[in-house]
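Take a look at the model shown here. Keep it open as you read.

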Amino acid sequence: MKLNLNEILKATNAELIKGNNNDFLFAFSTDTRTIKSGEIYIPLKGETFDGENFIQNALNEGANGYFTSDKNKIFDEAEIILYVKDTKEAYLQLANFYKNKIKPYTIAITGSSGKTTVKEMMYSVFKNAGETVKSILNHNNEIGLCQTLSSLKKTTKYLIVEMGMRGAGEIELLSKYAEPDIAVIVNAGSAHIGRLGSLLNIAKAKCEIAKYLNPDGVLIAHNNPLIHQINDKQHQTIYFDLKDENLEVKEMTSSSCLFTYKGYSYKLNVAGEHNIQNALSVIEAGLFAGLTPKLIAQGLKEFSPIEKRWDIQEINGFKVINDSYNSNPESVKAALKTFLLYTPSPKSVVLGDMGELGLNEEEYHIETGKFLEQFECDYVLTIGDLAKLIKPSNLKTVHFETKKEAAEFIKNNLPNNSNILLKASRFMKFEEIIEELNK
């Protein structure tokens, strides 16, 4: 992203304290460790840091100027000094201004679980239709949005942004500066219920994604009664779910699935009904944007899961499926159902704590144990203070205090041709189990 001084002032409505060079195109940086000549420093603030304390560092490293929310912070060596009330808002305004210069067709995605998977599926499809930019990794907050918008090129045709949230109002803010043409709500489940208090509040927060939707755009949403209740119907809406009469699942294995939707065949090289449901949102987005079913099918076939999301590894005779990037009651049940129904024996599951579930966190873990009782497997291994509550009455269950102990049990007690599913919230660091198994 590069803008001249007049464009910067227009975008941010900043007060120009110093500077008059309108011929130069300035880039922007929020990091004094990598800043260089030709860039303007945007000092961001957080709970434990204040970027304005490092303005001098930025100038020492070659920055041409800086934004500030404190008129007393004047450094004479700066070429450009811009005063704004909120530096993060200025960053968002700059990114939005630049995005509107490029004018990419914009798809925004949110959901309680699966939004990163849908973003990657969406990218796999749209990149075959034109130059496409997507949110980097899971950088789905305001700063991540700015970084993504800043990376647009003049030739970018499609933009795919993931929107996360930890509280009400956050997705609305992201929608305001992304201004999507298509807004996708993958689902509205119990993730972050500890912060938002109820499923209704979670659904309300997800529906904020349509607040700044293009009037000619579309909301593509999971067919959830709460979303129906909240949706204000001020925009076109397409609902999707596994009960759609146009959907027929033809084949399912532990690593792929084949289905038809609206008369066309699609294949995914990843398992699970939940991934078919994810794909439906991508198909609807592609069709609305004018892509052909053939192109969409090719993109979905090319999709492969990213690290810690149904990542299949062969380790010393074990086939390990690592799905431990994130975990909540809905995603755990989806993973368990897929693994236990479509994976051959011998098979075992390793489950860890689910985070941010609020006052009912113990109940959610107990419920997971009851859910497991409808399936068969060799062992249910649990790690964590909450996961020890997962106790299916008809399955062999063993609890461990550490991941190392669980890995040793796997090595010494499971047949070396076992299929093993790892599922837990990210903070449980289940990749350490894989490290132990690799030793």
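This report walks through the sheets, the helices beside them and a few local details. The model is predicted.

## The six-stranded sheet

Start with an open sheet of six strands. Its order is β7-β8-β6-β9-β10-β11, and the pairing is parallel. The edges are held by β7 (132–134) and β11 (236–240). Each has a single partner strand, so one side of each is left without a neighbour in the sheet. From one strand to the next, the twist averages 15°.

Now look inside this sheet. Strand β6 covers residues 105–110, and strand β8 covers residues 158–162. The two run parallel, joined by five bridges. Here Thr106 stands opposite Leu159 in β8.

## A helix across that sheet

Helix α4 is made of residues 115–126. Which strands does α4 lie across? They are β6, β7, β8 and β9 (182–185). Its direction is at about 170° to β8.

A salt bridge also links α4 to the sheet. The side chains of Glu120 and Lys134 meet at 2.7 Å, N to O. Glu120 belongs to helix α4 and Lys134 to strand β7, so the pair ties together parts that are 14 residues apart in sequence. How many salt bridges does the structure hold? The count is 19.

## The five-stranded sheet

Another open sheet has five strands. They come in the order β1-β5-β4-β3-β2, and the pairing is mixed. The edge strands are β1 (15–18) and β2 (27–29), and each pairs on one side only. The twist in this sheet averages 30° from one strand to the next.

Strand β3 spans residues 39–41, and strand β4 spans residues 65–68. Two bridges join them, and they run parallel. Ile40 stands opposite Gly65 in β4.

Helix α1 (residues 5–12) lies across β1, β2, β3, β4 and β5 (80–83). It runs at about 10° to β5.

## Helix α3 and its two partners

Two packed helices are described by the angle between their axes and the distance between the axes. Keep both values in mind for the pairs below.

Take α1 and α3 to begin with. How are they arranged? They pack at an angle of about 115°, with their axes 8 Å apart. The two are therefore roughly perpendicular to each other. Their crossing is right-handed. On the α1 side, the contact uses Glu7, Ile8, Lys10, Ala11 and Thr12. On the α3 side, the residues are Ala90, Gln93, Leu94, Phe97 and Lys101. By class, this contact has five nonpolar, two polar and three charged residues.

Helix α3 (residues 87–102) also meets helix α6 (residues 170–178). Their axes come within 8 Å and cross at roughly 40°. That angle makes α3 oblique to α6. From α3 come Glu89, Leu92, Gln93, Asn96 and Lys99. They meet Leu173, Lys176, Tyr177 and Ala178 in α6. The residues of this contact divide into four nonpolar, two polar and three charged.

## Helices α12 and α13

Helix α12 has residues 329–342, and helix α13 has residues 361–372. They pack at an angle of about 20°, with their axes 11 Å apart. The pair is therefore roughly parallel. α12 passes α13 in a right-handed crossing.

Which residues make the contact? In α12 they are Pro329, Val332, Lys333, Leu336, Lys337 and Leu340. In α13 they are Tyr364, Glu367, Thr368, Phe371 and Leu372. Seven of the contact residues are nonpolar, one is polar and three are charged.

## Two backbone details

Where is the cis peptide bond? It runs from Ser345 to Pro346, with omega near 0°. Pro346 lies in the loop between α12 and β17 (347–352).

The other detail is at Asn13. This residue has a positive phi of about 55°, although it is not a glycine. Asn13 is found in the loop between α1 and β1.

Definitions and conventions
Residues are numbered from 1 along each chain as its sequence is written. This is a predicted model: local features need pLDDT of at least 70, side-chain atom pairs count only at pLDDT 80 or more; totals for chains, interfaces and linings use all residues. Side-chain values use heavy atoms; hydrogens and water are left out. Axes are lines fitted to C-alpha atoms, for helices over the stretch in contact, and angles run from 0 to 180 degrees between N-to-C directions. Helices (H or I, at least four residues) and strands (E, at least two) are DSSP runs, numbered from the N terminus. Angles under 35 degrees count as roughly parallel, over 145 as roughly antiparallel, 65 to 115 as roughly perpendicular and the rest as oblique. A crossing is left-handed if the near helix is turned anticlockwise from the far one by less than a right angle, and right-handed if clockwise. Contact means heavy atoms within 4.5 Å. Ala, Val, Leu, Ile, Met, Phe, Trp, Tyr, Cys and Pro count as nonpolar, Asp, Glu, Lys and Arg as charged, and the others, Gly among them, as polar. Two strands pair if DSSP finds at least two bridges between them. A salt bridge is a side-chain nitrogen of Lys or Arg within 4 Å of a carboxyl oxygen of Asp or Glu.
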